[in-house]
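Dear colleague,

Please find below the structure that I am handing over to you.

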Amino acid sequence: MTRRVVVTGLGPVSAIGTGREAFWQGLLRERSAITRVTRFDTSQTHAKHAAEISDFNGEKWFPPHRLKRLDRFGQFCVVSAKLALEDAGLAFSPAEPQERVGVSFGSALGGIANAEEQCRTFVERGPRAVDRALALMVFGGSANANIAMEFGLMGPGTTNSNSCASANVALGDALRIIREGAADVMVAGGAEAPLSALTFTAFDHIKTMSRWQDEPPEVACRPFDRQRDGFVMSEGAGALVLEEYEHASRRGARIYGEILASTLNNDAWHMTSPRPDGRALVSVMKAALEQAGLNPEQVGYVNAHASSTQMNDANEAECVARVFGSAAEGLPVSGTKAYHGHPLGAAAGLEAITCLLAMTHGWLPPTLHLEETDPGAPPLDFLPKHGREAKVNACLNNSFGFGGINSCLVLAKV
């Protein structure tokens with residue numbers, strides 16, 4: 001059984017804005033939220049920058065007894081789901097459990113930052129000082145569990161950990177669950193709260209993060225720019241409400257768009273470097289277009305993974321050009337991580353929201369800080385520095401992760 005799946009609610013939590021309208025205004029401002037790290041000492045790391053959500057306060061969202069059981073990662077999960085459900089006009093609660101509503105979430109690292117802090121507490125003050133709820137916070141599956149308990153969602157529940165592709169994978173899983181008839185509504189997306197000294201240092205050691213030292217700090221992330229030198233870590237969450245089309249129509253829901261396809265494969269090559277021949281990346285995008293029933297000419301925008309690393313950005317641009325062929329010339333492709341940094345497993349959730357808002361409002365977000373592309377770069381329109389108005393009926397959202405994980409989502413207007 002195949003059923004149409006649409007998106008009726010958006011719940012972004014990001015450094016440029018929390019909530020649908022604040023996030024959209026953040027995109028329109030065309031300013032990055034990347035700054036020098038303030039939460040811990042970076043004097044011994046090469047990387048110095050991140051996109052911190054400085055205005056997020058858990059006390060605004062939760063009573064004290066709930067905060068005792070939710071670390072920052074858990075708070076991001078639940079708040080993003082709450083925002084998405086409110087945006088969709090769905091008032092679920094544990095008082096009336098919903099057996100046809102489920103949760104599909106993703107996270108690369110889950111509660112690792114909180115575990116790091118508790119490890120320090122253990123070493124300095126001993127076992128009795130460790131948070132009694134640590135075991136309930138640190139595992140990745142706490143994402144779907146906390147959301148389900150908060151809103152009484154008794155349908156299918158899952159959390160994947162597919163690195164930086166996690167949110168796209170979660171959206172694809174939710175798509176299939178609804179298509180197959182196992183649920184009518186799914187809360188899907190990703191969350192990440194990785195900004196801690198040990199995690200930051202670990203990524204610094206493998207030389208994947210930007211080592212930009214000069215001013216302004218936001219230039220540390222410059223997707224597709226010739227001088228790019230690595231990604232900039234951030235935190236946040238992006239939840240979406242996915243709903244069976246007839247179910248949404250019957251209740252008069254606002255529909256942002258339809259998810260036409262979700263594909264997934266692996267480079268089978270290297271933990272951090274893309275497969276040089278681009279074979280898997282080309283395949284995952286072609287399969288998405290085929291599943292969606294679209295020709296390349298029908299896609300008006302690509303939100304690229306564009307992490308701002310040398311090899312990955314170049315490889316992605318070349319593969320997009322190969323997939324789109326003659327339609328690649330002038331095709332709008334932007335890397336929006338320059339706005340809010342790279343929140344790892346949450347990235348694709350925020351980027352799917354970006355795609356849907358871009359189609360809704362008829363405005364494509366730019367690739368900030370892009371001054372000069374690589375010599376010989378394909379003739380894509382990378383939307384340097386400033387966005388522009390455009391009518392788009394379908395877009396493609398790429399999201400890739402360590403280990404060669406490649407995911408692709410196709411979204412379209414209804």
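In this predicted model, helix α1 (residues 20-29) and helix α14 (residues 347-361) have axes that come within 11 Å and cross at roughly 80°. The two helices are therefore roughly perpendicular to each other. On the α1 side, the contact is made by Arg20, Phe23, Trp24 and Leu27, while α14 contributes Leu350, Ile353, Thr354, Leu357, Ala358 and His361. By type, these contact residues comprise 7 nonpolar, 2 polar and 1 charged.

I then turned to charged pairs. Side chains of opposite charge can pair when their charged atoms come close. The whole structure holds 21 salt bridges.

One of them joins Arg66 and Glu150, at 2.7 Å from N to O. Arg66 belongs to helix α3 (residues 64-67) and Glu150 to helix α7 (residues 142-151), so this pair ties together parts that lie 84 residues apart in sequence. Since buried means under 20% relative accessible area, Arg66 is buried at 18%, whereas Glu150 counts as partly exposed at 25%.

Another salt bridge is formed by Lys337 and Glu351, with a distance of 2.6 Å from N to O. Here Lys337 lies in helix α13 (residues 337-340) and Glu351 in helix α14, 14 residues apart. Lys337 is buried, at 1% relative accessible area, and Glu351 is buried too, at 0%.

Finally, a network of salt bridges links Arg20, Glu21, Asp87 and Arg254. Arg20 is also one of the α1 residues in the contact with α14.

Yours sincerely

Methods
Residues numbered from 1 in each chain as written. Predicted model: local features only at pLDDT ≥ 70, side-chain atom pairs only at ≥ 80, totals over all residues. Heavy atoms only, no water. Axes fitted to C-alpha atoms, helices over the stretch in contact; angles between N-to-C directions. Helix = DSSP H or I, 4+ residues; strand = E, 2+ residues; numbered from the N terminus. Parallel < 35°, antiparallel > 145°, perpendicular 65-115°, else oblique. Contact = heavy atoms within 4.5 Å. Nonpolar A, V, L, I, M, F, W, Y, C, P; charged D, E, K, R; others polar. Salt bridge = Lys/Arg side-chain N within 4 Å of Asp/Glu carboxyl O. Buried < 20%, exposed > 50% of the residue type's maximum accessible area, 1.4 Å probe, protein only.
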